[in-house]
Amino acid sequence: MDHVHEHNGIERAAWAALRVVAGLSFMTHGLQKLFGMWGGPMGNGQAVPAFSFPFGVSGILELVLGLLIAIGLFTRVAAFVAAGEMAVAYFWQHVPNGGIVPLANHGEPAVLYCFIFLFLAVFGGGAYSVDAMLRRGRADRISDLPAGPAPDRARDRIGA
């Protein structure tokens, strides 16, 4: 049996808070890499060149995707790409430097970001997102269209 769950206000707010906090936190990693904020990626206050590989590219991804996730715009795609980046970071940077256990290899943030972003990739940005606002706007425009002949044909077929 299919069950459609209507989210109440507190669930929608919690979903939005998770999305916003994860997105903004993710952005700080990009700011750290690209602008040397909070000591920079190596702790010496230096930024990395924007398109250098891998830190500059990951900094751009973290900054842009974090912003998109935080505001809830193109949430599913942005979160999917961000989850992929975190999976790559975990297996490429953390596992070789401490084994598979996140506590031992200091990869807990990468694992948590990965799974939070997978959640958002599957379920979207939630009710309090730009994506939802755009959907509501499209629905309003579509509902303003005059009824065409298709509904009459459909009623005739089912005997209504």
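**Close-up views of an all-helix predicted model**

**View 1. Valine 21 in helix α1.** Valine 21 sits in helix α1, which spans residues 9–35. The model shown here and in the other views is predicted. Valine 21 counts as exposed because its relative accessibility is 52%, and exposed means over 50%. Glycine 66 lies 45 residues away from valine 21 in sequence. In space, the C-alpha atoms of valine 21 and glycine 66 are 9.5 Å apart.

**View 2. The whole protein.** Seven helices and zero strands make up the secondary structure. Along the sequence the pattern reads α-α-α-α-α-α-α. The protein has 160 residues, and 30% of them are buried. Its accessible surface comes to about 10,200 Å². Carbon and sulfur atoms hold 70% of that surface. Among contacts with a separation of 6 or more, 60% join residues 24 or more positions apart.

**View 3. The salt bridge between glutamate 62 and lysine 33.** The structure holds one salt bridge. Glutamate 62 pairs with lysine 33, and their closest N and O atoms are 2.7 Å apart. Glutamate 62 belongs to helix α2 and lysine 33 to helix α1, so the pair ties together parts 29 residues apart in sequence. Are the two partners buried or exposed? Glutamate 62 is buried, with a relative accessible area of 4%. Lysine 33 is buried too, with a relative accessible area of 10%. Both values count as buried because the cut-off is under 20%.

**View 4. Helix α2 packed on helix α3.** Helix α2 covers residues 55–71, and α3 covers residues 75–94. Their axes lie 9 Å apart, at an angle of about 145°. The crossing of α2 past α3 is left-handed. On the α2 side, the residues that meet α3 are Ser58, Leu61, Glu62, Leu65, Leu68 and Ile69. On the α3 side, they are Ala78, Ala79, Val81, Ala82, Glu85 and Met86.

View 5. Valine 81 is a residue of helix α3. It is partly exposed, with a relative accessible area of 37%. Which helix gives the most to the patch? Helix α3 does, with three residues. Helices α3 and α5 each supply at least two residues.

**View 6. Cysteine 114 in helix α5.** Cysteine 114 lies in helix α5, residues 108–123. Cysteine 114 counts as buried because its relative accessibility is 10%, and buried means under 20%. Beyond its neighbours within four places in sequence, cysteine 114 touches Ala83, Met86 and Ala87. Valine 81 and cysteine 114 are 33 residues apart in sequence. Their C-alpha atoms are 9.6 Å apart in space. Of this pair, cysteine 114 is buried, whereas valine 81 is partly exposed.

How values were computed: Residues are numbered from 1 along each chain as its sequence is written. This is a predicted model: local features need pLDDT of at least 70, side-chain atom pairs count only at pLDDT 80 or more; totals for chains, interfaces and linings use all residues. Side-chain values use heavy atoms; hydrogens and water are left out. Helices (H or I, at least four residues) and strands (E, at least two) are DSSP runs, numbered from the N terminus. Buried means under 20% relative accessible area, exposed over 50%, partly exposed in between (1.4 Å probe, protein chains only). Contact means heavy atoms within 4.5 Å. Axes are lines fitted to C-alpha atoms, for helices over the stretch in contact, and angles run from 0 to 180 degrees between N-to-C directions. A crossing is left-handed if the near helix is turned anticlockwise from the far one by less than a right angle, and right-handed if clockwise. Accessible areas come from the Shrake-Rupley method with a 1.4 Å probe; for residues, only the protein chains shown count as cover. A salt bridge is a side-chain nitrogen of Lys or Arg within 4 Å of a carboxyl oxygen of Asp or Glu.
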